Amino acid sequence: MTAMISPATVPAGAVGRGPIIQRERGERQVFCGLTGIVWLHRKIQDAFFLVVGSRTCAHLIQSAAGVMIFAEPRFGTAIIDERDLAGLADVDEELDRTVDGLLRRRPDIRLLFLVGSCPSEVIKLDLGRAAARLSHRLAPSVRVLHYSGSGIETTFTEGEDACLAALVALLPPEQPQAERSLLVVGALPEVVEDQFCRLFADLGIGPVRFLPPRRSGQLPPAGPNTSFLLAQPFLDATARALKARGARYLAGPFPFGAEGTTAWLRAAADHWNIAPDRFREVTLAGESRASHAVQRHRERLAGKRVFFFPDSQLEIPLARFLSRELGVDLIEVGTTYLHQQWLAAEIALLPDDVVLWEGQHLGNQLDRCRAARPDLVVCGLGLANPLEADGLTTKWAIELVFTPIHGYDQAADLAELFARPLDRKSRLEV
Ligand code: SF4
């Protein structure tokens, strides 16, 4: 289900140098943080995500992941039923029984996430205490963490952020005198990780590790000799947790498109004092290949007017890519949360006249969007059909999270994701 929350206040906007930043609050229409399980359960191969929630939560995950139950997916739901809600059952006992049954059936599980939901938060179930109790009992073979995926005041990419922030607590400390290392933070498809590993190796940067790792036994160490790059702009809590461990953030744009990927790699290269000539030598082929491939879509997208509804929190880096590499005209760029600390380099690359909106007031945004009549609207699934019915062309924002879009070799695919709805529309008009 999507979270619909309606505090009806509209604070005044704020104006800074560069793009205009406005803020508004009101009715929201976004998926909840449970959605992150759809891609996270494929990433950490010996982890299991146990949602503690309602049948609605179970239905959301099951249908969003599109996995048949007999395929033994690495997620499930412990259903909070009427007896739990009425206080007739000992929820802790029931949870322990569910976890024991799960581990008997799935002895390969090494890392168990108890994932909170709206119902578990409303009845104030203390999953932190439950995770500590279970961890103590099941150590060392299974470690148990918890995080919230609820839709109460959150958006769907915050599920990954909360999961990774919880994982930071499990990262081992660095060895004394540890060599410096690079940590790439954010769930990436393995093919993309491999491409980045090759580029870092050619640059002479390493060791390079990833959070989340492919297996829970490969948790990377973190400490003052760790520098980290964010692969996703929505990892605010994770980045803050890493900084609290003494790790150093390497600031820069995100690796979307040719320009963004080069700038992202450069942030690490500068920290490793890689000579500019060597940097160009390593990155030139990939950057040229990406630029060339992206150009194929420029013809279709240049001059098109694009409107972003707040949804995935990828909006600002994607708007920068569309504007600078594809010549798109940005009408409005909405994002659920604007983490200026991690997005400063991206905002600096946006046109000065673009308007950024943080937060959501659905009614106002729909009014502005309909009045602007953009060529393409990037929005959540729930808004796409009504807007298409109004004659607007839409792109589902969530598709940008499920599709590999990072790095040089995916830049053309990323451009195509925006070009395709326009192509489809022009074909329908013929
Ligand atoms: S966590 Fe909340 S918003 Fe998400 S599916 Fe469950 S009840 Fe719905």
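User: Which residues in H10 meet which residues in H12?

Analyst: On the H10 side they are Gly257, Ala258, Glu259 and Gly260, and in H12 they meet Pro317, Arg320, Phe321, Arg324 and Glu325. Being in contact means that the C-beta atoms of two residues, placed from the backbone, lie within 7 Å. By class, this contact of H10 with H12 has 3 nonpolar, 2 polar and 4 charged residues. The classes go like this: Ala, Val, Leu, Ile, Met, Phe, Trp, Tyr, Cys and Pro are nonpolar, Asp, Glu, Lys and Arg are charged, and the others, Gly among them, are polar.

User: Before we go on, what kind of model is this, and how are residues numbered?

Analyst: It's a predicted model, where local features need pLDDT of at least 70 and side-chain atom pairs count only at pLDDT 80 or more, while totals for chains, interfaces and linings use all residues. Numbering starts from 1 along each chain, as its sequence is written.

User: What makes a stretch a helix or a strand here?

Analyst: Both are DSSP runs, numbered from the N terminus: helices are H or I with at least four residues, and strands are E with at least two. Counted that way, the protein has 17 helices and 17 strands.

User: Why are H10 and H12 called oblique?

Analyst: Two packed helices are described by the angle between their axes and the distance between the axes. For H10 (residues 257-271) and H12 (residues 315-326), the angle is about 120° and the axes are 8 Å apart. The axes are lines fitted to C-alpha atoms, for helices over the stretch in contact, and angles run from 0 to 180 degrees between N-to-C directions. Under 35 degrees is roughly parallel, over 145 roughly antiparallel, 65 to 115 roughly perpendicular, and the rest oblique. So H10 and H12 end up oblique to each other.

User: How do you know the radius of gyration agrees with a compact globule?

Analyst: The radius is taken over C-alpha atoms, and the globule rule is 2.2 Å times the number of residues to the power 0.38. For 430 residues a compact globule would come out near 22 Å, and the protein has 22 Å, so the two agree. Along its principal axes, the C-alpha trace spans about 60 × 55 × 40 Å.

User: Why is alanine 131 called buried?

Analyst: A residue is buried if 20 or more other C-beta atoms lie within 10 Å of its own, exposed if 12 or fewer, and partly exposed in between, with C-beta atoms placed from the backbone. Alanine 131 has 20 such atoms within 10 Å, so it counts as buried. Alanine 131 is found in helix H6 (residues 127-138). Not counting residues up to four places away in sequence, alanine 131 touches Leu114, Val144, Leu145 and His146.

User: What makes leucine 318 buried?

Analyst: Leucine 318 has 28 other C-beta atoms within 10 Å, so it is buried. Leucine 318 belongs to H12 and, leaving aside neighbours within four places in sequence, is in contact with Phe256 and Leu400. Across the protein, 48% of the 430 residues count as buried.

User: And why is proline 207 called partly exposed?

Analyst: It has 13 other C-beta atoms within 10 Å, so it is partly exposed. Proline 207 is in the loop between helix H8 (190-203) and strand S10 (208-211).

User: What joins glycine 206 to proline 207, and leucine 211 to proline 212?

Analyst: A cis peptide bond joins glycine 206 and proline 207, with omega about 0°. The bond from leucine 211 to proline 212 is cis too, with omega near 5°. Most residues other than glycine have a negative phi, and most peptide bonds are trans.

User: Which phi values do glutamine 177 and asparagine 273 have?

Analyst: Glutamine 177 has a positive phi of about 65° although it is not a glycine, and phi of asparagine 273 is near 55°, also positive. Glutamine 177 has 6 C-beta neighbours inside 10 Å, so it counts as exposed. Asparagine 273 has 7, so it is exposed as well.
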